[in-house]
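Please have the sequence and the structure at hand while reading.

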Amino acid sequence: MTVALVGAGPGDPGLMTARALELIAAANVILYDRLIPGGALDGAREDAELVYVGKEPGVPAMEQERIGELLVEYARAGRRVVRLKGGDPFVFGRGGEEAEALRAAGVAFEVVPGVTAGIAAPAYAGIPVTHRDAASAVAFVTGHEDPDKAQAALDWEALARFPGTLVFYMGVGRLPAIVAALTAAGRSPDEPAAVVERGTLPGQRTVLATLETLAGEVTAAGLRPPAITVVGPVAALRERLAWLEARPLHGRAVAVTRARAQASGLAARLRALGADVIEAPAIRVEPLPATVPDLAQYDLVVFTSPNGAGLLFDRMPGDARALAGTVVAAIGPGTARALRERGIEADVVPERAVAESLLEELADMRVERALIARAQEARDVLPDGLRTRGVEVDVLPLYRTVAEPLGGEALAAALGADWIAFTSASTVRFFLEAAGGEMPRGRIVSIGPVTTAALRDRGLQPAVEAADHDVDGVVAAILSDATGTPHRG
Ligand code: SAH
């Protein structure tokens with residue numbers, strides 16, 4: 001079996017390569033480091049063995065030699081092995097040593113390059129490491145070398161003379177010594193220089209200064225590892241090219257309480273706007289055993305949630321043609337979209353995504369038999385309202401919403417987020433139950449009137465309610481609330 005030495009990129013999960021994700025999904029064993037992106041192992045097999053071999057500050061680390069031995073042992077046991085490292089495996093990652101150990105043992109290996117922090121962190125800070133006018137070379141340097149060491153491996157004279165950008169890894173604690181060594185060796189103290197902390201991760205911070213003032217400013221700002229230091233005229237381009245900080249939700253935390261399976265669309269959209277998204281799924285959708293009747297016998301079929309739409313189509317006999325002669329109603333735009341994905345265009349979508357509005361919308365329609373596909377615990381406004389009009393109504397409960405246990409860390413982060421988004425009455429109920437009496441300290445966002453009512457019942461007042469009761473509406477509500485809302489903390 002072969003071993004793959006895989007780079008996981010600098011921290012933003014979106015910067016993992018397609019090949020890295022593919023190998024992680026196929027691996028039996030993954031030996032991973034500390035600085036890999038959050039969620040990097042989410043795609044691993046259920047039965048994959050995940051072995052942490054990273055270095056923790058203050059904790060004895062696994063010997064490098066032992067890691068090499070482990071790789072060989074797992075490979076010889078016939079396992080598919082991934083050795084997952086932050087950034088690129090061959091850039092200050094000791095991947096070279098691990099490859100040598102494998103070669104010495106006669107174990108075949110593959111190397112998957114990763115996006116290295118020395119390029120990615122500057123890029124996310126608006127600093128191109130090369131530039132036609134400002135730098136035609138770039139050097140990657142480890143800041144670990146002690147410049148005071150008698151036989152320092154780094155040639156500071158040569159580095160000072162280097163005609164291009166210097167990028168230092170591992171440099172925060174060593175910064176004053178690095179700067180002193182460079183200037184002593186002749187690099188201009190006026191040269192632009194920057195330190196990027198937690199590059200590509202939520203909360204990335206950058207300090208731009210000159211070589212002379214950098215160490216002081218970094219200390220004043222309290223920057224900590226992991227960080228990349230860039231020395232060279234390109235650093236100053238950040239003044240014009242910074243882009244991350246320009247995004248509307250940059251540096252703001254938004255908690256999303258909806259079920260994990262439904263959260264990804266909302267989370268992705270918020271992340272694209274720069275938000276640090278805290279996924280705090282308070283609920284989970286549990287499908288119920290249900291037999292879907294022949295839909296052709298109804299002249300109206302009502303869908304009250306995207307979940308209901310998905311589950312009905314998964315279980316119905318036949319296909320969408322069963323709805324050919326039937327009026328299809330969706331409670332709101334999210335449900336209408338779920339139907340569209342199944343090839344059905346809803347005939348009726350009320351302006352406001354509540355049962356009362358849907359009833360109004362259906363007032364003039366001649367209906368004899370209706371089917372309502374919904375959650376077990378839904379309100380009875382709709383079936384009752386239709387029945388008073390003499391409609392024969394069948395209610396088909398397709399799922400129920402149950403509490404999802406919330407980890408203490410996710411809960412604490414959600415309670416402290418700048419915004420917390422509630423996308424249904426049940427997320428309100430189950431989140432607050434999980435919070436055990438503690439209330440969110442950030443601004444509350446509600447997807448619509450029913451959710452708002454659930455919040456008010458519990459003494460919470462939303463800062464903003466979405467005008468469109470779907471994911472886009474929630475994003476728009478947060479954006480409008482963000483304009484003119486100052487940063488907290
Ligand atoms: N193989 C990795 C580097 C490992 S050395 C790569 O190619 O990126 C670890 C050093 O990388 C850290 O001390 C820090 O200087 C840098 N580093 C890693 N991730 C970083 C990040 N997200 N932001 C800034 N620096 C980072």
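The sections below describe a predicted model.

## Ligand shell

The ligand has 17 residues around it, and the closest are Val91, Thr116, Met170, Gly199 and Ala227. By residue class, the shell consists of 11 nonpolar, four polar and two charged residues.

For Thr116, an N or O atom of the side chain is 2.6 Å from a ligand oxygen. For Ala117, a polar backbone atom is 2.9 Å from a ligand oxygen. Val91 is placed with a backbone N or O atom 2.7 Å from a nitrogen atom of the ligand. The ligand taken alone exposes 550 Å², of which the protein buries 89%.

Met170, one of the closest residues to the ligand, sits in the loop that runs between strand 7 (165-169) and helix 6 (175-184). Its relative accessibility is 34%, so Met170 counts as partly exposed; the class lies between under 20% for buried and over 50% for exposed.

Met170 also belongs to a nonpolar surface patch of about 320 Å², together with Phe92, Ile119 and Phe140.

Gly265 lies in helix 9, which spans residues 260-272. Because its relative accessible area is 31%, Gly265 is partly exposed.

Along the chain, Gly265 and Val471 are 206 residues apart, yet their C-alpha atoms are separated by 7.7 Å.

How values were computed: Residues are numbered from 1 along each chain as its sequence is written. This is a predicted model: local features need pLDDT of at least 70, side-chain atom pairs count only at pLDDT 80 or more; totals for chains, interfaces and linings use all residues. Side-chain values use heavy atoms; hydrogens and water are left out. Patches are made of residues with over 30% relative accessible area and no salt bridge: like charges are joined within 9 Å, nonpolar side chains (Val, Leu, Ile, Met, Phe, Trp, Tyr) within 5 Å. Accessible areas come from the Shrake-Rupley method with a 1.4 Å probe; for residues, only the protein chains shown count as cover. A salt bridge is a side-chain nitrogen of Lys or Arg within 4 Å of a carboxyl oxygen of Asp or Glu. Helices (H or I, at least four residues) and strands (E, at least two) are DSSP runs, numbered from the N terminus. Buried means under 20% relative accessible area, exposed over 50%, partly exposed in between (1.4 Å probe, protein chains only). A residue is near a molecule or strand if one of its heavy atoms lies within 4 Å of it. A polar contact is a pair of N or O atoms within 3.5 Å; within protein, one must be able to donate a hydrogen and the other to accept it, and residues adjacent in sequence count only if both atoms are side-chain atoms. Ala, Val, Leu, Ile, Met, Phe, Trp, Tyr, Cys and Pro count as nonpolar, Asp, Glu, Lys and Arg as charged, and the others, Gly among them, as polar.
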